[in-house]
Amino acid sequence: SQQGCDPFAQTQRSKLQHRRARINQQINKEMRMRAGAENLFRATSNHKVKETVALELSYVNSNLQLLKEELEELNSSMDVYQNDSESISVPMIPLGLKETKELDLLVPLKDFISDHYGEEGVLFEKEIKEFMELRQAMRTPSRNEAGLELLMEYYNQLYFLDSRFFPPTRTLGVFFHWYDSLTGVPSHQRALAFEKGSVLFNLGALHTQIGARQDRASLPGLSQAIDAFQKAAGAFNYLKENFSNAPSLDMSAASLTMLVRLMVAQVQECVFEKMTLLRAQNDFLARLQLAQEAARVEDVYSLVHQTMSQPHVKDYVPFSWTTMVQVKSEHFKALSHYFAAIALCDCPAPSDAELLEQEKAFLQFHVTMPEGPSLPVLLQDPEERRKLGKAHLRKAIMRHEEAMRIHGLCKILRKMDILQEVLSFAHKRSLGKYSEIDHEEDFFETGEAPDIHPKTHQKPEIKSPNFSQVKVTDLFHRLGPLSVFSAKNKWYPARRVHLMRGENGFGFTLRGDSPVLIAGVIPGGCAAEAGLKEGDYIISVNGKDCKWSKHAEVVQLLKSTGKEGVDIGVITLQGSECPKAVDRKAAVMSSGSGMLKSNKENSRKSLMNSKSASTLLVWGKKSKRSKKSTYSGVPFSSVGDNEAMY
C-alpha cells in the first residue's frame, strides 16, 4: 500500500503548523482588543480616558507587529526545502503543504452502503479502510515523484468516492478540515470539492518544493526545476479555473493568480540561468540575448510584485516574499544593463560581414534608440561603444544598490546569506567593470542609457496536471458499474423473478452489458407474465451476481436453464418516469449554497447531471454508456443491431 514520507519531516511541518495556528489565535485576540479600544477612543470625550486608551492602542499595535513578524519568519523557513549543493543559486520561493485533520469514514460509508445500495455495509469494511489508509498516507507525501503520484492517486480515487457516495441532494454529514498553507487558519466544509481542491493545492505546493530543491548549477537540475515550477503553475491555474468560493484564503482566485504568476517568474529565472550555462558568453549577440533574457525576468517579477500589492493579497502574502520578488526585479534589471555594457565594451567591433547582423539585433535591443551617432558608427567606433556601455553600467549600479537597499529592509531576508552573496557579487562585478572602462580624462556627461527590450527564447508553459498518468481502480468496484450504481441514481428494491422458458423463448429483448438491460418485453410472453418490465437491469441469474457480466455471459446463463426455469434478480431505476420533477428539486437544492464548487460546469451541464449543492469538478470522463437514454418503445419487428431477442 502507499505510504507517506518520513515522520520526522512530518513533525517539523506539524510544529510549523501548530505555531502558525497559535500565532493566528493571538493575532485575532489582539485585533479584537484593538477594535474595542478604537471604539472606546472614538466614543469617549474624557481626556484622561482618551490618553489611557491611546497608550493601550500603541501597546496592542506593537504586539501585533511582533506577532506578524513571528508568523512571517515561520512562513519563510525556506531552508526546509532548499537544496544542499555547494554552488550559489538565488533561493526560490516554495510553498508549505496544507495540513488536514484525520477523517473517519467507516460509519458514514457503511450506513450509506446499506441505505442507498441495499448491501450490508459491514461487507465493505476492507475497502473503506483501504481508502482511509490512502488518505492518511496522502497527508505526508515524500518530496519526489512518488509523493506526487500518491497525491494524484488519492485525487483520482475521490472521483469514485464522489460518484458512489455523494448524491446531489444531500451530503454525507462528514466535515473535511484543512488549514491555510500560509496562515494556518483552519477551515472546514462538507463539500467534497473542498477536499479535492486542497489536494490539488498540495500537488502544486509539492511541485514548488521539488523545484526549489534542484541543484540549478547543472543543466539537468535546471530542466527539472523548470518542469516542477511549470507543473506547479498548472496545478494552481487548474484550481483557479475549476473551483470557486473556497473557504480559505490560499485558494481564493486572487491568491491563486498571484501563485501562478510567481511560478511563471521562477521558470523565467531558470530559463535565464540555463542561458548563462549554455552560451559561449564572449560573443556579442549572445550577450545581447542574455541582457534581453534578464530584462524579461525583471518584467515578470515586477508583474508578480504588482499582484502581491493588491488589496486582497497584500496583507496575506509574507512580507519576505514581497521583498524577495522586488529584490529580484531590481537585480535582473541591473543584470540586463550589465550584459548590455559587456556586449558593447568586451566584444570587438564588427567586421563588415558581421555589421548587418549586429545592426539587425541592435535595432530591436533597446526600448528606445540611444541618442548619439547612427547605428553603423556606434557599432564600429570603440569609443562610442565605451560611452554607451558606461551609461548602461551606471544604470546597472543604481539598480544593484536599490536591490541591496530593499533586501536590507527585511529582517528575514537579511538572514539569507546566499541572497546577500549573489547581490553583492553582482554589484562588485559591475563596479569593477565601471572602474575598468572609466577614463580619468572623460569629460563627457555620461548619457542616460535606454532600458533593454525584454525577450525570451523559451516562454514558460503552464502545464496542467495530467491525472490520467496515475491509473487507479475503483475501490468500491463490487457495488456494480457506476453507470447504474451511483449516488445520483435511485432504484426500487431488487426483485427476484422466477422465469420459465416458453415455446418462443423467454419473451424479452436484451441489450448492452455490465449490467445487461431488458430493452423490451413481448406482451403476453413468459417475461411479461413473470412481471419483468422494459428498462429493468439484470443483476443476478440463479443467485450468481451479474452486475458486471457481459451480454454473452448472461445469455449463456439463461440458455443453460432447464425445465425448472431460472431465478432472475432485477432492479428498476427510479426517475425515468418523470425527470422534470427531479430537475426542479435539484434546482431548489442548489440555490444559495455557498460551498466551494466548480462554477464552470453549472453552465455547461443541466442541474440534474451536475452535483447541485456541492458541485464538484467535471472530471472530463464522460460516461461511455448512453443506454439510459434509449428506453425505447421500438416495435419488436425492428430489433436494433446490438439487441437480441430471447
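Hi everyone, let's start with the inside of this chain: of its 646 residues, 52% are buried, meaning under 20% relative accessible area, with over 50% called exposed and anything in between partly exposed (1.4 Å probe, protein chains only). A word on the source: this is a predicted model, where local features need pLDDT of at least 70, side-chain atom pairs count only at pLDDT 80 or more, and totals for chains, interfaces and linings use all residues. Residues are numbered from 1 along each chain as its sequence is written, and side-chain values use heavy atoms, leaving out hydrogens and water.

Now the overall layout. The chain has 20 helices and 9 strands; these are DSSP runs numbered from the N terminus, helices being H or I with at least four residues and strands E with at least two. Among contacts (heavy atoms within 4.5 Å) with a separation of 6 or more, 77% join residues 24 or more positions apart.

Let's visit helix α3, residues 106-116. Its buried residues are L106, P108, L109, K110, F112, I113 and H116. What covers them includes α4 (125-138) and α5 (145-165). After α3 comes G118, with a positive phi near 65 degrees.

Next, a glycine in a loop. G184 lies between β1 (176-179) and β2 (186-189), and it is buried, at 0% relative accessible area. Which residue lies 4.9 Å from G184, C-alpha to C-alpha, although 163 residues apart in sequence? That is A21.

On to the aromatic rings. Rings of Phe, Tyr and Trp (its six-membered ring) pair if their centres lie within 6.5 Å; planes under 30 degrees apart are stacked, over 60 edge-to-face, and the rest tilted. The count by this rule is 18 aromatic pairs. One of them is F201 with F236, a tilted pair at 5.3 Å centre to centre and 55 degrees between the planes. F201 sits in α6 (residues 192-213) and F236 in α7 (residues 219-242), so this pair ties together parts 35 residues apart in sequence. Both F201 and F236 are buried. F284 and F362, in turn, form a stacked pair, 6.3 Å centre to centre with 25 degrees between the planes. This pair links distant parts of the chain, with F284 in α9 (residues 284-308) and F362 in α12 (residues 352-363).

Finally, charges over rings: NZ of Lys or CZ of Arg within 6 Å of the ring centre and within 35 degrees of the ring normal. K98 lies over the face of F201, 5.6 Å from the ring centre. K547 has its charged end over the ring of F485, and F485 belongs to a cluster linked by ring pairs, along with F112, Y117, F165, F476 and W491.
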